[in-house]
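User: I would like to learn how to read pockets, patches and salt bridges in a model. Please take me through them one at a time.

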Amino acid sequence: MNEGLRLADSECVVFLAADDKTLPGFFEKSLSLLSSNPNAALCSGVSLVQYRSGNYMLPSWTTYPCNTPAFLTPMQVRKSLLRSEDWFMGNTTIYRREPLLALGGFDPELKSFSDGFISRVLALRHGACFIPEPLAIWRRVDLGYASSTSRDENELEQILINSNRRMATTFRDQFPPKLLARCSSRMLFRVLRARLDNFQQRTRSIVAGGQSVKERGLLLLVVRSVVATLKLFFFLALRPYDILRVVLSKLWSASAS
């Protein structure tokens with residue numbers, strides 16, 4: 001990605017992977033909005049998620065920073081990130097090349113989070129456009145880079161440490177203490193959730209042939225209950241400000257399915 005960024009000579013660049021599919025209107029709508037807002041460092045939109053089964057998932061509207069295509073100032077971006085998780089999808093993001101180059105491009109130490117992190121920095125520094133409609137599809141598979149990283153608790157831990165360090169030092173002007181704490185808490189929850197999921201998976205593998213069916217079922221039931229309880233506890237402790245948004249998102253997903 002960084003090599004392509006250096007070699008390109010266009011005003012705008014986009015980075016698409018093998019598991020991405022663009023939808024009609026993606027380039028026209030994004031470039032038109034960027035043209036109307038020359039201060040914006042990027043334009044992002046909604047991405048559908050397609051699973052192996054072929055089913056699609058549409059992200060909840062509660063994560064959108066606006067209801068209509070718009071330019072968000074750095075202050076509006078900050079307020080949005082305090083209120084909700086980030087809304088930058090790599091397969092719907094078109095960057096202005098010069099601001100991205102000025103920041104050094106994508107940080108290899110942040111791995112699969114490198115595009116999401118630099119998008120935050122760019123939006124907080126220059127402002128960003130957002131289009132609240134599907135512009136691409138992410139065909140999510142277990143072996144994909146983002147999916148495999150999200151299951152690797154050690155990788156996620158390093159991403160958390162490295163992103164916290166950069167927010168607190170290099171990009172401290174974009175991440176005041178309150179926003180840094182919010183972003184760090186969300187990432188820490190992801191790390192803890194991955195550790196709990198992996199613990200549950202390892203337990204299932206270990207007891208697969210060691211106990212009777214009845215004993216195995218009881219043990220796995222206890223483990224599932226403990227894991228679910230700990231996930232809820234960590235969520236309430238680390239992300240209390242996200243409770244209402246997540247509840248609304250769950251209700252919206254249930255009604256849409």
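User: How do the residues of the lining of the second largest pocket divide into nonpolar, polar and charged?

Analyst: Some ground rules come before the count. This is a predicted model, where local features need pLDDT of at least 70 and side-chain atom pairs count only at pLDDT 80 or more, while totals for chains, interfaces and linings use all residues. Residues are numbered from 1 along each chain as its sequence is written, and side-chain values use heavy atoms, with hydrogens and water left out.

Analyst: Now the classes. Ala, Val, Leu, Ile, Met, Phe, Trp, Tyr, Cys and Pro count as nonpolar; Asp, Glu, Lys and Arg count as charged; the others, Gly among them, count as polar. The lining of the second largest pocket has 6 nonpolar, 4 polar and 2 charged residues.

User: Which residues line the second largest pocket?

Analyst: General idea first. Rolling a probe the size of a water molecule over the atoms shows where empty space is left. On a 1 Å grid over the protein atoms alone, a pocket is an open set of points with protein on both sides within 12 Å along at least five of seven lines; a cavity is a set where a 1.4 Å probe fits but cannot get out; lining residues have an atom within 4 Å of a point. Here the lining includes Trp 61, Tyr 64, Arg 83, Tyr 241, Leu 244, Arg 245 and Leu 248. α3 (74-83) and α10 each supply at least two lining residues. The largest share, 3 residues, comes from α10. Helices (H or I, at least four residues) and strands (E, at least two) are DSSP runs, numbered from the N terminus.

User: How much space lies in the second largest pocket?

Analyst: About 170 Å³. A volume is the space filled by probe spheres set on the points, with grid points joined across faces, edges and corners.

User: Which residues form the nonpolar patch on the surface?

Analyst: Patch residues have over 30% relative accessible area and no salt bridge; nonpolar side chains (Val, Leu, Ile, Met, Phe, Trp, Tyr) are joined within 5 Å, like charges within 9 Å. Accessible areas come from the Shrake-Rupley method with a 1.4 Å probe, and for residues only the protein chains shown count as cover. The patch is Trp 61, Leu 232, Leu 236, Ile 243, Leu 244, Val 247, Leu 248 and Leu 251, with about 750 Å² of accessible area together. α10 (243-256) and α9 each supply at least two of its residues. The largest share, 5 residues, is from α10.

User: Where is Leu 236 placed?

Analyst: In helix α9. Leu 236 is partly exposed, at 42% relative accessibility. Buried means under 20% relative accessible area, exposed over 50%, partly exposed in between (1.4 Å probe, protein chains only).

User: How many salt bridges does the structure hold?

Analyst: A salt bridge is a side-chain nitrogen of Lys or Arg within 4 Å of a carboxyl oxygen of Asp or Glu. The structure holds 16. One of them joins Arg 245 and Glu 85 (3.4 Å, N to O). Arg 245 lies in helix α10 and Glu 85 in the loop between α3 and β6 (94-96), so the pair ties together parts 160 residues apart in sequence. Arg 245 is buried at 12% relative accessibility. Glu 85 is partly exposed at 28%.

User: Which residues are linked with Arg 245 in a network of salt bridges?

Analyst: Glu 85, Arg 186, Arg 239 and Asp 242 are linked with Arg 245 in that network.
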